[in-house]
Structure formats: C-alpha cells, structure tokens
Amino acid sequence: MIGKVTKGNNFTGLLSYVLDKPGAKYIGASQLSGEQSSQWAAQFMRVAAKRRRTEYPVAHYSFSPPPNQPMADETAYRYAQKFCQRMGHENCQWLLVRHTDTKTENGEDRDHFHLVVNRVTIDGTRTVSSFNDWYRSQAAHRALSEEFELQKVPSVWETDRRNPSTGQIRRVRRQNREYAEGKRSTPADPIILTELQDRIDKFCQDRPNLTDLVERLLSSGVNVRIQPASTGGLGISYQLGSVAVAGSSLGRAYTVKGLQQRRGVAYYPAYDDPILKLFLKDEWYDWRYLDQNRNRPRIRQKPTSAEPTPGAAQEPPQKPKSTQPELSPASTSRPRSKPDFLNEEEYRQWVTQVAPVIDAYLKHKGVTIIEGNRFRIYKRGQDLVLEQQRDNRTLMIAHNTEEGSWEKTNYFPVERSIAQHIVERSVPAMQRTMRPPYAWFNLRDSGPPPSKPDLLGEEEYRQWVKQVAPVIDAYLKHKDVTIIQGKRFRIYKRGQDLVLEQQRDNRTLMIARNTSEGSWETRNCFPVERSIAQYILEQSVPSLLRIMRPPDAWFNLCDSESQLSPGDVLNRQEYQHWVNTVAPVLFAYFEHHKTPTFEGKRFNAYRHFQSVSLKQRHNSQTLMMARKTSEGSWEPDTCYSVEYATAKYILSEFLPAMRLHNPSIEVNSSSTPTPTPSKPPAATPSSTPPPKASQSPAATPSPTPAPTALPTPSQSPATTASATPTQPPPQFLSEQEYQQWVNTVAPSLNTYLKHQGGRMVEGDRFRTYKRGQYLVLEYRDGSDTLILGRPTGNGSWETPDPVPVSVKREDANYILERSIPLMQRQMSQDKKRAQNKKRSRSRQLDISD
C-alpha cells in the first residue's frame with residue numbers, strides 16, 4: 001500500500017476536487033449526513049469552527065493498493081475505518097472517495113482512494129495531533145497491509161535507493177510521449193538521481209576498494225567530494241554535469257558507511273586516504289580536522305583481535321591485495337625531472353588565446369560543462385574553468401571583462417607541454433567542430449599556392465586593413481559573437497584587437513585596433529598574398545555587407561542611382577521624412593478617439609504619452625517609435641529597418657484608412673514634410689493621371705500639400721473646385737473611399753457574427769447578417785444596403801459589379817466610431833467573462849494525487 005499525507009484549511013476546495021473529478025465514486029462517510037458536497041462541506045466547517053485556534057483542520061490521506069490486488073468498496077470502507085482508528089480519528093468526521101484516472105507505467109489501471117478527515121473531534125473538545133503523521137501513517141499502512149493480506153511495499157527508510165520524485169517521473173513520461181508523437185527530436189532527458197545510482201551500482205558489482213570506485217566514477221564524468229561529517233566520520237557527495245547531490249540524498253547505500261555495508265566496498269583509511277587525496281586534491285578533507293577527531297573514543301562492535309597494551313608499539317594493518325597496484329603511494333611518488341612551467345607573462349598570453357575559443361565552444365554546444373579524454377571545461381558563475389581530467393588539477397580560471405578581454409583570476413602552474421598541446425591540438429579541434437552556418441566566407445578552396453607568392457607591400461597592407469577591419473568589426477557586432485569560423489578564415493576579438501587568421505595553417509593575416517579617432521591601425525605588417533587579399537575584398541566583404549544591410553550601418557545601402565529591389569530599405573534621411581508623415585496622423589487618431597491602441601489586419605499602433613509606435617502584426621517587428629518634441633516635430637528613437645514596399649503601403653493604404661476613421665485629421669505641411677525617396681518611382685509623373693481629391697497626400701508624391709483624404713462640405717471652394725465632374729456629392733463616399741471603408745468595416749462585422757454564432761445582429765439603426773458567402777450590412781428598416789461583399793483571400797473584400805451602393809459619410813463615420821468599437825468592446829468583455837468562468841471551475845485545493 002502506497003500512502004500520502006497532506007494538510008490544509010479549505011474543506012470546500014478539497015471536496016470539489018475529490019468529488020467533481022471525472023470517474024470519482026463516493027464510497028461512504030462517518031458522522032456526515034446529506035448527499036451533496038456543499039452539505040458535507042458545511043458540516044465539516046461547522047465542527048472545525050469549534051476549535052478556531054486550529055490552523056489546518058483538514059487532513060487528506062490518499063492511498064493506492066497494488067494493481068494486481070484491487071479493493072472492493074466494502075473492503076476499502078473497512079480499511080478506512082481501521083486506518084482512522086490507528087491515526088486517532090475514531091471520533092472525527094471523514095469521507096472516502098475512489099478515483100479511477102491513474103495507470104501504472106505498463107498501462108494497467110490502478111485505482112486510488114482519497115480520505116478527507118476533520119482533525120477536530122465531533123464534540124469539539126480537542127484536535128488530533130499531526131506530529132509525525134507521515135511516519136505514523138506509513139506504520140498504519142504496513143500493519144493494515146498484513147491484516148488485509150495485501151502486497152507489502154517497503155518504506156523509504158528501508159530501501160537502499162531513493163526513488164525519483166513524482167514531477168521527475170511525469171517529466172520523463174511527457175518527454176517520451178512527445179518524442180513518440182514527433183514533437184521532440186530526442187528522447188527524454190535522464191533523471192540525474194537515477195543516473196548516479198545506476199553508475200555507482202554498476203561500478204560496485206565486483207566489490208572494489210573505495211579508491212577504485214572513486215577512480216571509476218571520475219573516469220566516467222562523475223565528480224566526487226569527500227569531507228568530514230558532523231558525526232565525526234566521512235561524508236561523500238557526487239556531481240554529474242552541473243547537478244551536485246549528497247550521498248544520503250541518493251539513498252542509504254550511497255554514503256561512505258552505506259557503500260561498505262550495503263555494496264561491499266572496502267575502505268582502509270591508513271592506505272586509501274593518501275591515494276584518495278591524490279585523486280581528489282581540493283575536494284579532500286582537511287588533515288588537521290582529522291587529527292583533532294582521531295582520538296575521539298569509538299565503540300568497536302566486533303573486535304577481531306585482542307586489545308593492544310598501552311605501551312606496546314602498534315603495527316599498521318596489512319593492506320589487502322589491490323587490483324590496481326599502480327595506485328599505491330610508491331607508484332605515485334616516482335622520481336621525475338623538474339617540469340617546465342609557463343611564467344606569468346606567458347601564462348597570461350596563453351589564457352588570452354585559449355579562453356575565447358573555449359567560451360565560444362560552450363555557447364556553440366549550449367551546455368555548461370564538457371568533458372574530454374584529458375581535460376574538462378565548464379562555467380562556474382562568470383568564471384571559465386579548465387581542469388585536467390586525470391587528477392582534477394586546475395589549469396585556468398578566467399573571466400570576461402567589460403571590454404571583452406579575458407583576465408586570469410590566479411596564476412596556476414601549467415607545464416609547457418600541456419599548454420602547447422591545448423594550443424596546437426585542442427583549440428583547432430574545437431574550431432573545426434563549431435563551423436557556424438552564418439560564416440561569411442566563401443567556403444571553396446582557391447587551389448594550390450603559387451610557387452612565388454606575390455605579397456602586399458607595407459602601404460598596400462595598411463590600406464587593405466583600413467578597408468577590411470571596419471566591415472569585420474561591424475559584422476561581429478551585428479551577430480553579437482566574439483568568434484566566427486569558416487573553412488578558409490577565422491575572425492575573433494582578442495581584447496581590443498581584431499584578429500583575422502587562416503583556418504588551414506592558423507597563419508595570422510591581420511591584427512588591428514580601433515583608435516580614438518575611429519580609424520584602424522595595425523601593429524605589425526603580416527605577409528599577405530595578393531590573391532588572398534583580393535579574394536577577401538571582392539568576395540568576403542561584399543558578402544558581409546549583403547548579410548547585414550542595416551539602415552544605420554556606417555556604410556550607405558541606399559544609392560540614389562541604383563534600381564529598387566524588393567529587399568531595399570529606407571535610408572536614414574528617407575526614414576526621417578517617413579516618420580514625419582506617419583507619426584502626426586497616428587497621434588491625431590489617438591487624440592480623436594481617446595484610445596491608446598489601434599489594431600489592424602497588418603499593423604498595430606500604440607501611444608504612450610507623447611510617443612507613438614507602429615509594429616507589424618504578424619511578426620511584431622517594430623517599424624517606428626517616435627517622440628513628439630517641444631517644437632512640434634517628431635524624433636524617432638532609432639532608425640528601424642523598413643522596406644520600401646511596406647513604407648509605400650502605409651502611405652497609400654494605411655494612412656488613408658486612418659483618416660477615414662477621422663476625417664478631421666489634418667497634417668501640417670510645415671511640421672511633416674513630404675518624403676522624397678532617393679530611388680526613382682515606378683512610373684514617371686507624365687504617365688500618371690492627375691490625383692483625385694479623395695487621394696491621400698502620401699499616395700502621390702508632390703511638392704505641394706494635397707487636399708484632405710475625405711473632403712467634407714465645410715471645405716473651402718478651392719478644394720471642391722478641383723474635383724472632377726464625375727465625383728459624387730461630398731455627403732457620399734467616393735469609390736476609393738467606399739472600398740477602403742469596406743475593407744475596414746467588413747472584417748470586424750464578420751468576426752462579430754462568428755462570435756455571435758452566425759445569427760443576425762440588429763442594432764438601433766443597422767443590421768448585419770450572412771447570405772451565403774456574402775456579408776450584408778443594411779439599414780434596420782431594409783430601405784438600403786450599405787455593404788454586400790465577400791472576402792477575396794488576400795485581405796480585401798469584393799462587391800458585385802451590378803450592385804450600385806452609395807453610403808453617406810455620416811453613416812460611415814457613425815459605424816466606424818460607434819458601432820465597431822462597441823462590437824469590439826462586447827467581444828472583449830465576453831472573452832474575459834469566459835476566462836474567469838473557466839478559471840473559477842478549474843480552481844481547486846493544491847492537493848494532487
């Protein structure tokens with residue numbers, strides 16, 4: 001029988017969770033009347049109120065019998081009665097419910113029971129103590145399992161291994177299920193606790209010595225730490241990856257004492273301690289602490305020989321035969337020549353060269369620790385640590401400064417041969433493994449080198465550095481990395497220096513530093529072949545510029561004489577003119593409607609005090625974030641990347657729709673100059689017909705301000721005189737205005753009809769409904785139709801050609817300003833109401849199975 005104990009103070013929530021769960025079955029109760037959970041909760045609380053000082057009157061016991069021994073309802077009721085008697089709840093109210101929603105790992109049904117108990121007795125004289133209730137419940141379950149002839153399950157303190165938590169088991173099941181369904185590319189991540197237990201059990205099968213066990217664990221990637229325990233003995237802890245756990249947390253068999261008693265590991269302090277100290281180094285305990293506790297009296301349970309006399313000389317015990325004689329102190333203290341260590345300056349340069357590559361490799365792998373055959377690297381906070389795998393000796397501890405360079409915290413003795421091996425073998429191997437996909441080099445080999453290479457002169461080399469270094473530095477900042485590698489070249493930052501090297505032979509091509517004046521200077525003139533320098537200028541640098549192409553880079557991407565391409569973006573000057581045109585219209589819209597947000601089909605606009613912002617809806621990309629200055633102009637925070645197609649669409653489609661919402665929006669030509677794009681338009685002015693009065697000023701570039709998008713009857717005669725004879729009267733919308741109005745209103749009406757279940761919606765003045773694929777908006781009395789259209793699939797709405805529709809400007813503005821906001825507000829309120837109702841239904845006491 002597996003049992004669980006929890007306590008709380010909410011009878012209503014617990015009963016709602018226990019009784020309302022699908023598959024729940026009420027079995028019986030004691031000293032309760034009624035048939036509904038509300039009645040039982042009231043009786044529970046009425047008795048608990050007699051002892052108001054009891055903070056947690058709710059006792060929740062859940063137990064599950066073995067799956068191969070199902071328990072009938074009558075048997076479960078008798079089991080609950082005797083369990084309450086053993087726990088001291090014989091004079092308390094309780095209720096028993098069966099749940100059938102759990103299964104074993106093999107898919108077998110396993111029912112479990114919930115026992116809700118009131119800790120306050122029925123007469124209110126006392127509260128049953130909860131002291132040691134978990135241990136008392138385990139004892140009660142063991143006794144009742146024998147009485148009811150159930151399968152006995154050992155308690156936690158009786159097992160050698162500690163089981164993983166319920167959350168860890170559920171996590172593994174969920175990840176395996178996602179892997180089977182194809183939602184996850186790898187199987188479930190192993191549980192560290194179980195992985196450590198399995199490795200230790202595997203290495204203890206042949207009953208090794210403690211030194212052999214520690215060596216095997218270290219070779220398999222498990223770090224071991226041994227230190228004095230508070231009881232005077234030794235404590236052991238294990239670390240796998242970034243997770244460290246004490247031996248007692250794994251189970252009784254994984255402490256130093258448990259390894260000897262339950263796994264047969266031999267430990268002889270006089271012989272094993274020196275070897276363990278060689279293995280563990282800083283992870284070993286302090287010898288002075290051991291000397292202070294060595295004379296502590298200990299009880300010998302099974303003496304194997306007679307007690308020696310106080311004056312007799314004691315001989316050390318004979319060490320048993322070891323399976324690995326090379327681990328003895330004699331073998332570890334062989335005479336050897338004096339090692340050649342790096343001095344402090346060489347060590348500093350070595351750290352500066354090795355640390356950036358190791359840090360980039362850890363970021364490339366996405367892990368915090370990597371262990372190889374000879375070395376181990378990991379991140380410890382902000383520090384980067386390099387250790388030897390054999391003896392855990394630290395070789396380097398470095399941290400990255402604010403300037404981007406790497407500094408050592410301490411000087412560690414590193415042999416010259418080891419340092420040379422890392423520089424010549426390990427670092428190139430890491431660089432070959434990374435090979436990022438965003439390398440900017442051309443990954444083709446140029447062929448065998450010429451017999452007599454043509455090298456650059458000193459002046460040519462300095463000019464070449466001034467052309468290449470700024471582009472490489474801008475690309476590293478654009479990618480926000482410190483090193484990039486390709487098949488032919490490698491670039492990285494080393495402190496304030498920018499380094500360019502050949503990948504094949506690690507030959508340095510450039511080491512440049514940015515001066516205070518903004519120019520790039522090189523300390524040395526490295527021999528660079530003319531073909532390589534020309535390849536970098538003609539292939540690599542243009543590739544970099546094509547990848548970056550930000551509008552605010554140090555180079556100009558918008559050549560006024562070049563032809564427009566789909567990916568071209570506004571330059572800084574064009575972006576400023578575009579902001580001065582768009583921002584006032586958005587600000588006037590927010591001022592008129594008294595709202596801080598606007599959500600459209602393609603764009604969302606926001607206002608925050610004197611600032612406005614514009615974002616694309618499908619990817620939340622910011623197009624504009626501008627602030628209104630005291631002089632009335634608009635100042636953008638930064639120059640965002642805006643394509644010409646997007647900017648043109650906003651000027652010709654989005655802004656007229658905003659003005660359609662508010663015809664009174666006027667843009668001052670002095671504060672918002674008309675943008676003059678540096679690239680030629682698609683059509684010449686001579687081939688473009690004269691603009692209508694209904695067109696927006698952004699639709700047709702003109703040196704003079706255009707009239708308002710939607711003219712009203714109160715406009716000046718000069719404006720109305722410029723209208724064509726075929727233009728409809730001012731009180732009606734023109735064809736272009738009507739189409740924009742339909743594209744704005746129809747999606748909101750269609751969404752509202754879906755929200756209402758497709759029924760007809762009638763208001764005070766209008767009504768809307770669906771007629772097949774067409775959306776209809778008409779007056780309530782049916783006198784005239786305002787909209788008869790269907791979606792085309794590309795975001796617009798089309799109307800039948802033979803159906804003439806004329807819409808008054810007053811009615812169009814009424815629908816935009818009154819009807820549509822009212823529908824959106826009602827849908828938002830209904831959505832919030834549904835969420836609150838769902839949340840109230842799912843609210844339950846935090847007591848799980």
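The dialogue below goes through a predicted model feature by feature.

Colleague: What should I know about the conventions before I read any numbers?

Modeller: This is a predicted model, in which local features need pLDDT of at least 70 and side-chain atom pairs count only at pLDDT 80 or more, while totals for chains, interfaces and linings use all residues. Residues are numbered from 1 along each chain as its sequence is written, and side-chain values use heavy atoms, with hydrogens and water left out.

Colleague: What is the mean pLDDT of the protein, and where is confidence lowest and highest?

Modeller: The pLDDT is the predictor's confidence in each residue, from 0 to 100; for the protein its mean is 76, and 77% of the residues reach 70 or more. Confidence is lowest in helix α19 (residues 717-721), with a mean of 36, and highest in strand β4 (residues 92-99), at 96. Over residues 550-566 the pLDDT stays under 50, although the model has 31 contacts there beyond four places in sequence, a contact being heavy atoms within 4.5 Å. Residues 844-849 are also below 50, with 19 contacts beyond near neighbours in sequence. Where pLDDT is low, the predicted coordinates should not be read in detail.

Colleague: How many helices and strands does the protein have?

Modeller: Helices (H or I, at least four residues) and strands (E, at least two) are DSSP runs, numbered from the N terminus, and the protein has 21 helices and 28 strands.

Colleague: In what order do the strands of the open sheet come, and which are at its edges?

Modeller: Two strands pair if DSSP finds at least two bridges between them. Here five strands form an open sheet in the order β9-β10-β11-β12-β13, with antiparallel pairing; β9 (369-371) and β13 (406-408) are the edge strands, each pairing on one side only. From one strand to the next the twist averages 20 degrees, where axes are lines fitted to C-alpha atoms, for helices over the stretch in contact, and angles run from 0 to 180 degrees between N-to-C directions. Within the sheet, β11 (residues 383-388) and β12 (residues 394-400) are joined by five bridges, and L386 has M396 as its bridge partner in β12.

Colleague: Which helices lie across these strands?

Modeller: Helix α13 (residues 344-365) lies across β9, β10 (375-380), β11, β12 and β13, at about 75 degrees to β12, and helix α14 (residues 416-434) lies across β10, β11 and β12, at about 75 degrees to β10. E344 has its place in α13 and touches K408 and Y411, leaving aside residues up to four places away in sequence.

Colleague: How many aromatic pairs are there?

Modeller: Rings of Phe, Tyr and Trp (its six-membered ring) pair if their centres lie within 6.5 Å, and planes under 30 degrees apart count as stacked, over 60 as edge-to-face and the rest as tilted; by this rule there are 22 aromatic pairs. Y26 and W40 are stacked, because their ring centres are 4.8 Å apart and their planes at 20 degrees. Since Y26 lies in strand β2 (residues 25-30) and W40 in helix α2 (residues 37-48), the pair ties together parts that are 14 residues apart in sequence. Y347 and Y411 form an edge-to-face pair, with 5.2 Å centre to centre and 80 degrees between the planes; this pair ties together parts 64 residues apart in sequence, because Y347 lies in helix α13 and Y411 in the loop between β13 and α14.

Colleague: Are the residues of these pairs buried or exposed?

Modeller: Buried means under 20% relative accessible area, exposed over 50% and partly exposed in between (1.4 Å probe, protein chains only). W40 is buried at 4%, whereas Y26 is partly exposed at 39%; Y347 is buried at 0%, whereas Y411 is partly exposed at 32%.

Colleague: Which ring does the charged end of R602 sit over?

Modeller: A charge sits over a ring if NZ of Lys or CZ of Arg is within 6 Å of the ring centre and within 35 degrees of the ring normal. The charged end of R602 sits over the ring of Y649, 4.0 Å from its centre, and Y649 belongs to a cluster that ring pairs form with Y589, F590, F598, F603 and F654. In another case, the charged end of R488 sits over the ring of Y535, 4.4 Å from its centre.
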